[in-house]
Amino acid sequence: MKPAVLNTSLLLLSAILASTTLACGRKPDASAATEKSGTAKSDTAAGKVAQQAPTAGGTVGKPAMFLAGDTARPKLIAGRNAHDSVSFLSAIRAGQRSLDKWPVEREPLAGAVFPAKRIVAFYGNPLSKKMGVLGEYPLDEMLAKLDQTVALWKKADPSTPVQPALHLIAVVAQGAPGRDGMYRLRMDTSLIEKVYGWAQRKNALLFLDIQVGKSTLQAEIPRLLPFLSRPNVHLAVDPEFSMHYEREGLVPGKKIGEMNGDDVNFAIRTLTQLAKDKHLPPKILIVHRFTSKMVLNAPAIKPTPQVQVVMDMDGWGPPWLKFDSYRDYVVKEPVQYTGFKIFFHNDVKKGDGILTPLEVLRLLPRPLYIQYQ
């Protein structure tokens, strides 16, 4: 191991707590009613997921993510509780009511990933076993697990091709200030290139994730532009670790951070100009979210033909909490496309089975970006 990488690994220890403490910390919804949970249908229904008839609410001509599925009596797998069922139905119905509010690219530019494909991504940093699947397993085991997960989504929705991806935390929030006082650690070029090489082995996309700490997107994105100039490299931003607005002066990991729609628009403008200058296919921008204040003024976010924006439900917890979070923080404020994050370990801490592709695919709009940590 090179000295620079060794030093980075040691510094990452202070980031592990910050990166695993806060996600999906919202309190339960005490007003939820109860309903008997059911059992999921067999896989024979899987191929119909993206082929349902449009609703009467103006969704004709919209891609499959907006089409109504089995919303009359959608069912969860055996073992889900009444709270899970009520939240599941509530999320689906909220999505159904909101479909007309979701903007859609009528004719995406050539080379656009969405809505033609669904992305299934593995998240983390190879220098830490506690920040996600990228660092938890030996390389070959991790890539084999990615293949298995992609296969599950292909089976669940055969009509939508699945694009694998690796999602690297390239700027890691820190619990200590560092030399410049920014409470973030930038991964060096060699590490990013290494993970890019892993992605190349699987014909996968690479996402570079920024946790700004006390820095800013204006300071962090330019350094990543040489990588983002590649057609198969995209960007993600994580407001959870942005210590600005009401979080000024706080240390990352102590409170859930905040970004503004204008911050996200800066990233969109930068990627838009890059795509134009380099004649690149549309870029994807992932924005993580699991509380209202993580993204202030979300309606101000303006995708462009060159940048496809995904609002990614990033919280962990029991199924009902994840469904509530998707309803309250993604469906409620439409932007463009949606994502859903699944935690291999945190989601099952209390004995819940991990959410299946068929369960997630019942949500509306149907998530087109799926991330596993």
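Modeller: Let us begin with a definition: a charge sits over a ring if NZ of Lys or CZ of Arg is within 6 Å of the ring centre and within 35 degrees of the ring normal. Please keep in mind that this is a predicted model.

Colleague: Over which ring does the charged end of Lys 145 sit?

Modeller: The charged end of Lys 145 is placed over the ring of Phe 344, 4.5 Å from the ring's centre. There is another case: Arg 230 lies over the face of Tyr 196, and the value given to the ring centre is 4.5 Å.

Colleague: Which strands hold Phe 122 and Tyr 372?

Modeller: Phe 122 belongs to strand β1 (residues 118–124) and Tyr 372 to strand β11 (residues 369–372). The two residues are 250 residues apart, and their pair links distant parts of the chain.

Colleague: Are Phe 122 and Tyr 372 buried or exposed?

Modeller: The cut-off is needed here: buried means under 20% relative accessible area. Phe 122 has 0% relative accessibility, and therefore counts as buried. Tyr 372 has a relative accessible area of 4%, so Tyr 372 is buried.

Colleague: What is the geometry of the pair formed by Phe 207 and Tyr 369?

Modeller: Phe 207 and Tyr 369 make an edge-to-face pair, with centres 5.4 Å apart and an angle of 70 degrees between the planes. Phe 207 lies in strand β4 (residues 205–210) and Tyr 369 in strand β11, so the pair ties together parts of the chain that are 162 residues apart in sequence. Phe 207 counts as buried at 0% relative accessibility, and Tyr 369 is buried with a relative accessible area of 0%.

Colleague: Which residues form one aromatic cluster?

Modeller: The cluster consists of Phe 122, Phe 344 and Tyr 372.

Colleague: How does one read a nonpolar core, and which residues touch the most other members of the largest one?

Modeller: One asks which buried nonpolar residues are joined through side-chain atoms within 4.5 Å. The largest nonpolar core has 84 residues, and Leu 166 and Leu 285 touch the most other members. With neighbours within four places in sequence left aside, the contacts of Leu 166 include Phe 122, Trp 198 and Phe 207. There is also a second, separate core of 15 residues, which includes Val 113, Leu 205, Ala 236 and Ile 284.

Colleague: How many residues of helix α8 are buried?

Modeller: Helix α8 (residues 319–331) is mostly covered, with 12 of its 13 residues buried. Among them are Trp 320, Phe 323 and Tyr 329. The buried residues of α8 pack against α2 (82–98), β7 (283–289), β9 (307–313) and β10 (337–342).

Colleague: Why is β10 described as largely enclosed by the rest of the structure?

Modeller: The description is used because six of the six residues of β10 are buried. Both faces are covered: Tyr 337, Gly 339 and Lys 341 are buried on one side, and Thr 338, Phe 340 and Ile 342 on the other.

Colleague: In which sense do β9 and β10 pair?

Modeller: β9 and β10 pair in the parallel sense over four bridges, and Met 313 stands opposite Phe 340 in β10. β10 and β11 also run parallel and are joined by four bridges. The bridge partner of Phe 340 in β11 is Ile 370.

Colleague: What may be said of the protein chain as a whole?

Modeller: The protein chain has nine helices and 11 strands. Of its 373 residues, 57% are buried. Among contacts with a separation of 6 or more, 78% are between residues 24 or more positions apart.

Key
Residues numbered from 1 in each chain as written. Predicted model: local features only at pLDDT ≥ 70, side-chain atom pairs only at ≥ 80, totals over all residues. Heavy atoms only, no water. Buried < 20%, exposed > 50% of the residue type's maximum accessible area, 1.4 Å probe, protein only. Phe/Tyr/Trp six-rings, centres within 6.5 Å; stacked < 30°, edge-to-face > 60°. Contact = heavy atoms within 4.5 Å. Pairing = 2+ DSSP bridges.
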